[in-house]
Amino acid sequence: MERKTEENENLSLHIVKALAEAIDAKDTYTNGHSGRVAEYSRMIAKKYGYSDEKLDSLYIMGLLHDVGKIGVPDAVINKPSKLTEEEFDLIKNHPVMGARILKNIKEMPQLSSGARWHHERYDGKGYPDGLKGDEIPEEARIIAVADSYDAMTSRRSYRDPLPKEVVRDEIVKGSGSQFDPKFAEIMLKMMDEDKDFNMREQ
């Protein structure tokens with residue numbers, strides 16, 4: 001019976017990873033993004049003291065945080081030039097769409113919160129709901145730091161990965177405004193420990 005449960009859990013994780021890869025495949029420039037965000041989120045939460053069970057749950061939330069991008073046209077996601085206001089509105093809708101998709105998974109009701117609120121800001125100026133500080137679910141605050149870190153350390157259609165010191169400065173600058181300061185601080189410690197800057201898109 002235990003073996004069957006383990007097989008089912010492995011199958012579920014493989015399905016989630018396959019879905020994450022399908023999401024990333026929509027964007028020419030985000031190969032492996034969801035996997036890296038999930039990994040960085042888990043690393044932050046482990047340093048913060050999450051239990052193994054909570055770490056597993058957060059990892060899946062990280063893998064699926066961008067699932068709503070399935071509903072954004074490829075031409076908008078891969079546009080190399082500046083987005084129009086209408087196009088940016090389509091992108092900004094992906095958290096709502098993601099939450100709508102994931103709330104159907106009754107076994108893990110918390111899944112949808114990572115998708116819906118990873119673009120909220122600690123100062124309340126984020127989207128889609130303008131939540132502030134502790135109003136933002138903790139897991140979404142962790143994913144927000146990991147997501148921004150990966151965006152800065154990955155190649156994008158309009159730029160190469162940013163140098164480590166620039167990324168570090170941006171996280172320092174965003175602490176308390178864009179990011180929950182305690183999770184920004186953990187991310188900075190992780191960067192300082194990563195002497196060879198391996199924590200990025202390879």
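A residue is buried under 20% relative accessible area, exposed over 50%, and partly exposed in between, with a 1.4 Å probe and protein chains only. By that rule Y40 is buried, at 5% relative accessibility. The model is predicted: local features need pLDDT of at least 70, side-chain atom pairs count only at pLDDT 80 or more, and totals for chains, interfaces and linings use all residues. Residues are numbered from 1 along each chain as its sequence is written, and side-chain values use heavy atoms, with hydrogens and water left out.

Start with the aromatic rings. A pair of aromatic rings is described by the distance of the centres and the angle of the planes. Rings of Phe, Tyr and Trp (its six-membered ring) pair if their centres lie within 6.5 Å; planes under 30 degrees apart are stacked, over 60 edge-to-face, and the rest tilted. The count is three aromatic pairs. Y40 and Y149 form one of them: the ring centres are 5.3 Å apart and the planes stand at 85 degrees, so the pair is edge-to-face. Y40 lies in helix α2 (residues 33-48) and Y149 in helix α8, so the pair ties together parts 109 residues apart in sequence. Helices here are DSSP runs (H or I, at least four residues), numbered from the N terminus. Y149 is buried, with a relative accessible area of 1%.

Y48 and Y50 make another pair. Their ring centres are 6.4 Å apart and their planes at 55 degrees, so this pair is tilted. Y48 is partly exposed, at 36% relative accessible area, whereas Y50 is buried, at 9%. Ring pairs link Y48, Y50 and F183 into a cluster.

Y50 also meets a charge. The charged end of K54 sits over the ring of Y50, 4.1 Å from its centre. The rule is NZ of Lys or CZ of Arg within 6 Å of the ring centre and within 35 degrees of the ring normal. K92 lies over the face of Y127, at 5.2 Å from the ring centre.

Now the open spaces. A pocket is an open set of points on a 1 Å grid over the protein atoms alone, where a 1.4 Å probe fits, with protein on both sides within 12 Å along at least five of seven lines; lining residues have an atom within 4 Å of a point. A volume is the space filled by probe spheres set on the points, which are joined across faces, edges and corners.

The largest pocket holds about 940 Å³ of space. Its lining has 33 residues, with I91, H119, A151, R156 and Y158 nearest the centre. Helices α4 (74-77), α5 (85-92) and α8 (138-152) each supply at least two residues of this lining. Helix α8 gives the most, with five. By class, the lining has 13 nonpolar, 10 polar and 10 charged residues. Nonpolar means Ala, Val, Leu, Ile, Met, Phe, Trp, Tyr, Cys and Pro; charged means Asp, Glu, Lys and Arg; the others, Gly among them, are polar.

The second largest pocket has a volume of about 580 Å³. It is lined by 23 residues, and S12, L13, V16, I60 and M108 lie nearest its centre. Helix α1 gives the most to this lining, with eight residues.

End at D74, in helix α4. D74 is partly exposed, at 41% relative accessibility. D74 and S157 are 83 residues apart in sequence and 13 Å apart in space, C-alpha to C-alpha.
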